[in-house]
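Here is a friendly walk through one protein model, with the cut-offs spelled out along the way. Have a look at the sequence and the coordinates before reading on.

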Amino acid sequence: MTRISFIMPTFNRSALIAESLQAILAQADDTDEILVVDDGSTDATSAVVHSLGPRVRYVRQDNAGKSAALNRALAMTDGDYVWICDDDDLLRAGAVPRLVAALQSSGADFVFGRHERFRADSAGNRVAMGPGYWPDLATGTLARHVLEDAFVMQNGALVRRASYARVGAFDESFLRSQDYEMFVRLALECSGAYVDTVVFDQRKHDGVRGPSTVRHAATGADEVWQQYDRMIFQANAARVSRRAFETMFDGADADHVRRAALLQRACVHARHGLWPVVVADLADAAAILPERPLHSVERTICRRMFGGKHGFSGAMEGATRTELGRMYNGSAAHARIIRAGLAGLLWRLRRDTPMVRRAALSLLTTIAGPRGTVGVVAEHLRGRNDRAIDDSLWEKGLMRIAA
């Protein structure tokens, strides 16, 4: 029986794909299979792959996107485990036995590890760029972490084939962010585990990205990811139900669990720019146990709302800003939730880039008003002209806002 199906979709990466495949060949077992699906390359990809010998199977299709290539590859392979590899990244030595052991010992449906980034300089030498994003997984469920941020990479994950069958095929309407869309489904419907070690190196390089129909420059990747982030959660609205979030919390008080779940769902959608959903969930959460203060866990959830890697631009839209301001100045229950969220925005004011800090200041003063608690801190910041702020001011400001 085939143990692992290593699958590599590719498109015009003849200059990089050999090194990526060699990293797999160096540690693949005799019972493993390696399949490259060429999504209509116009360069020398075919010749490069064939030069590596019979261990690597090669199939070509007309350009249809990565999701289509992955679905075809899954249909053409039969390994109990599936490892999807990118055509420009490199598996670390020892990664395969490490993830196989973790998957078997944990009994999980999928397992993943960390990655580090690198680039090649003009002489072709590798230049380290530091670790990829990795949240503190010691607290909270894996599902919560995966829903809040895209940090699990296909190149660093080993998945049981039965799990892919359970959640369904890759969505071929997603021409970008296919991996994150799939991991959202896996996280909600399957069990996951992780190894806190680096299992692959991610190559960062210039050039165009995406299939031929939606090519974009590397410098424009963030805007594309924001667009597809929203699409992912719109497409998975039925899966990202309130009940799905209630399972993330323990507690004897069902109402308290429901409130925490609503705040957590609002946090997830806020970090992916779906603010109309956020506002509705915050309003519903405020109506549950309105006389009971927020638990420290709930306040932490609210602070994360403005902490998404793509920023908080959706909250800047007129209708959303107005509604958040109305809630801030509304009932005590509404105000507690918004104040806790704004504490997270204050963190961005202190730590982020000048452009983001100016946007955060604008949003703060719009929601809270110049005389609000946040407004007092914001006005002081404006007088400092974005210079470093005394730690004691921040400590007092954050304590007053999150109280």
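How many residues does helix H7 have, and what distance does it reach from its first C-alpha to its last? Helix H7 (residues 178-189) has 12 residues and reaches 17 Å between those two atoms, close to the 16 Å expected at 1.5 Å a residue. The expected span is 1.5 Å times one less than the number of residues.

## Ground rules

This is a predicted model, in which local features need pLDDT of at least 70 and side-chain atom pairs count only at pLDDT 80 or more, while totals for chains, interfaces and linings use all residues. Residues are numbered from 1 along each chain as its sequence is written, and side-chain values use heavy atoms, with hydrogens and water left out.

Helices (H or I, at least four residues) and strands (E, at least two) are DSSP runs, numbered from the N terminus. Buried means under 20% relative accessible area, exposed over 50%, and partly exposed in between, with a 1.4 Å probe and protein chains only.

Helix H13 (residues 318-328) includes Thr320. In H13, Thr320, Arg321, Leu324, Gly325, Met327 and Tyr328 are buried. They cover an arc of only 160 degrees around the axis, taken from the directions from the helix axis to the C-beta atoms, which puts them on the same side of H13. On the other side of H13, Ala319 and Thr322 are exposed. Thr320 counts as buried at 6% relative accessibility. Leaving aside neighbours within four places in sequence, Thr320 is in contact (heavy atoms within 4.5 Å) with Trp275, Val279, Gly314 and Ala315.

## Nonpolar cores

A nonpolar core is a set of buried Ala, Val, Leu, Ile, Met, Phe, Trp, Tyr and Cys residues joined through side-chain atoms within 4.5 Å. The largest one has 86 residues, and those with the most contacts inside it include Phe112, Tyr164, Leu186 and Phe306. Helix H10 (residues 254-271) gives the most to this core, with 9 residues. Another core, of 31 residues, lies apart from it, with Ile4, Phe6, Ile24 and Val36 among its members.

## Rings and charges

Rings of Phe, Tyr and Trp (its six-membered ring) pair if their centres lie within 6.5 Å; planes under 30 degrees apart count as stacked, over 60 as edge-to-face and the rest as tilted. By this rule there are 14 aromatic pairs. Trp134 and Tyr194 form an edge-to-face pair, 5.9 Å centre to centre with 70 degrees between the planes. Trp134 lies in the loop between strand E7 (126-131) and helix H5 (142-148) and Tyr194 in strand E9 (residues 192-203), so the pair ties together parts that are 60 residues apart in sequence. Tyr164 and Phe170 form a tilted pair at 5.8 Å and 40 degrees, and both are buried.

The charged end of Arg114 sits over the ring of Trp134, 5.9 Å from its centre; this calls for CZ of Arg or NZ of Lys within 6 Å of the ring centre and within 35 degrees of the ring normal.

## Backbone notes

Most residues other than glycine have a negative phi. Ser177, in the loop between helix H6 (161-167) and H7, has a positive phi of about 60 degrees.
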